[in-house]
Amino acid sequence: MEKWYWWIILGMAIVTYIPRAFPLTFLEGRELPPLVSGVLRNIPFAVLGALIFPAILFVQEGNLLFGFIGAVAAFALAFAGANVIIVVMGSIAVLAIYSLIG
Amino acid sequence: MTFTNGIRAGLSIAIGYCPIALTFGLLAKTTGLSMWEATAMSMFVFAGAAQYISLTLISTGVDPILIVLNTFVVNIRHFLMTASLNEKMQPDARWKKAIYAFGVTDETFSVLATQKRDNIRTSFAAGVILISYGSWVVFTALGHVIGANLPAFLQAAMSIALYAMFVGLLVPSMKGNRKVALLALFGAVIHCALYWSGLLSTGWAILVATLGSAILVEILYARKGRVA
């Protein structure tokens, strides 16, 4: 298998690059129908929902409570108006304290 | 919206990538990849989930062709992300877009796509991507060389970082904007339903949940607009 590693890396690099580069270069300068453009503008928020849930609950295997506490901390900080870096550092701090005392 | 602003905006990603890349380097070593192979994978592929899965497949001796195919499926959601990002970025030469396209990940996409302003400068994107990419590559190599993780409690706590970042990006846009809240809610609910029903693998599930939510909400609002 070892001799295949470089070929695997090359293959993975190519198939990862295609979905990244094709839309950005192909769609450059093209006007899309309003409905399609509307759907595309919705993607960021829809994808954030799908990226956060359910995965945030599984950050520690077999311990849903750990992820739940992290999620509560992150949402609480964000709704309180903290900026992104504070939300990140604050959630890490809450979980670090929780694992040290828990 | 300069390069430096981009670096600053990408800092949360760099922090979040640190524990994941360290672990990837470490796992790659135990899987049998050399330091150069592990680092090269992070340099040329730059896709966390796909890289992790590939290690599992390599260690179980799966056919290299299948590993590459699986990588494609896992990353198919990037079609949606870069098509969406294209609406947000400043028009620019195709070769420049072809270069920064390489750096579009779930995380860099999220930071770029949730910027308040449209017409994001290419230099800003370059900043976000470079600091994220740097963290990913450097910590992969370090994980392999040191062969150890952060202290257990810190490693565990830091695993929340990227999700906390997603939350930190989402919530400000959600406040006072019911459409954004609805989009995130539908995306989350559909993904959870697909996950627990076991209908689709993760790569497809995120794609279907995202597209489903984006289309549903768009139709809902288009109809509402016509009635009003």
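**Entry 1: helix α4 of chain A**

I began by listing the buried residues of α4(A), which are V87(A), V88(A), G90(A), S91(A), I92(A), L95(A) and A96(A). I note at the outset that this is a predicted model, and I read everything below with that in mind. Helix α4 of chain A runs over residues 84–101, and its 18 residues reach 26 Å from the first C-alpha to the last, close to the 26 Å expected at 1.5 Å a residue. I then looked up what covers the buried residues of α4(A), and the cover includes α3 (64–79) of chain A together with α2 (11–31), α10 (152–158) and α11 of chain B.

**Entry 2: helix α6 of chain B**

I turned next to α6(B), residues 77–88, whose 12 residues reach 17 Å from first to last C-alpha, close to the 16 Å expected at 1.5 Å a residue. I find 11 of the 12 residues of α6(B) buried, so this helix is largely enclosed by the rest of the structure. The buried set consists of R77(B), H78(B), L80(B), M81(B), T82(B), A83(B), S84(B), L85(B), N86(B), E87(B) and K88(B).

I looked separately at F79(B), which is also found in helix α6 of chain B. Leaving aside neighbours within four places in sequence, I find F79(B) in contact with I18(A), P19(A), F22(A) and P23(A) of chain A and with F72(B) of chain B. I also noted that F79(B) and L207(B), although 128 residues apart in sequence, are 9.2 Å apart in space, C-alpha to C-alpha.

**Entry 3: two helices of chain A against α6(B)**

The crossing in which α1(A) passes α6(B) is right-handed. On the side of α1(A) I find I18(A), P19(A), R20(A), F22(A), P23(A) and L24(A), and these meet H78(B), F79(B), T82(B), A83(B) and N86(B) in α6(B). Sorted by class, this contact has seven nonpolar, three polar and one charged residues.

I then examined α2(A), residues 34–52, which packs with α6(B) at about 115°, its axis 8 Å from that of α6(B). The crossing of α2(A) past α6(B) is left-handed. The residues making this contact are S37(A), L40(A), R41(A), I43(A), P44(A) and V47(A) of α2(A), with L80(B), M81(B), A83(B), S84(B) and E87(B) of α6(B). I count them by class as seven nonpolar, two polar and two charged.

**Entry 4: α8 and α11 within chain B**

I looked up the pair formed by α8(B), residues 106–113, and α11(B), residues 161–174, whose axes come within 10 Å and cross at roughly 20°. The two helices α8(B) and α11(B) are therefore roughly parallel to each other, and their crossing is left-handed. From α8(B) the contact draws on D106(B), E107(B), S110(B) and V111(B), and from α11(B) on L162(B), M165(B), F166(B) and L169(B). I have the contact of α8(B) with α11(B) down as five nonpolar, one polar and two charged residues.

A cis peptide bond joins F53(A) and P54(A), with omega about 0°, and P54(A) is found in the loop between α2 and α3 of chain A.

I found a positive phi of about 50° at F46(B), which is not a glycine and is found in the loop between α3 (35–44) and α4 (48–59) of chain B. The residue F46(B) is buried, with a relative accessible area of 1%. I also noted N119(B), another residue other than glycine, with a positive phi near 55°. N119(B) has its place in the loop between α8 and α9 (122–146) of chain B, and at 46% relative accessibility N119(B) counts as partly exposed.

I ended with T122(B) in helix α9 of chain B, which is buried with a relative accessible area of 14%. Which residues does T122(B) touch, not counting those up to four places away in sequence? I find M89(B), Q90(B), D92(B) and Y100(B).

Definitions and conventions: Residues are numbered from 1 along each chain as its sequence is written. Chains are lettered from A and ligands numbered from 1 in the order in which they are written. This is a predicted model: local features need pLDDT of at least 70, side-chain atom pairs count only at pLDDT 80 or more; totals for chains, interfaces and linings use all residues. Side-chain values use heavy atoms; hydrogens and water are left out. Axes are lines fitted to C-alpha atoms, for helices over the stretch in contact, and angles run from 0 to 180 degrees between N-to-C directions. Helices (H or I, at least four residues) and strands (E, at least two) are DSSP runs, numbered from the N terminus. Angles under 35 degrees count as roughly parallel, over 145 as roughly antiparallel, 65 to 115 as roughly perpendicular and the rest as oblique. A crossing is left-handed if the near helix is turned anticlockwise from the far one by less than a right angle, and right-handed if clockwise. Contact means heavy atoms within 4.5 Å. Ala, Val, Leu, Ile, Met, Phe, Trp, Tyr, Cys and Pro count as nonpolar, Asp, Glu, Lys and Arg as charged, and the others, Gly among them, as polar. The expected span of a helix is 1.5 Å times one less than its number of residues. Buried means under 20% relative accessible area, exposed over 50%, partly exposed in between (1.4 Å probe, protein chains only).
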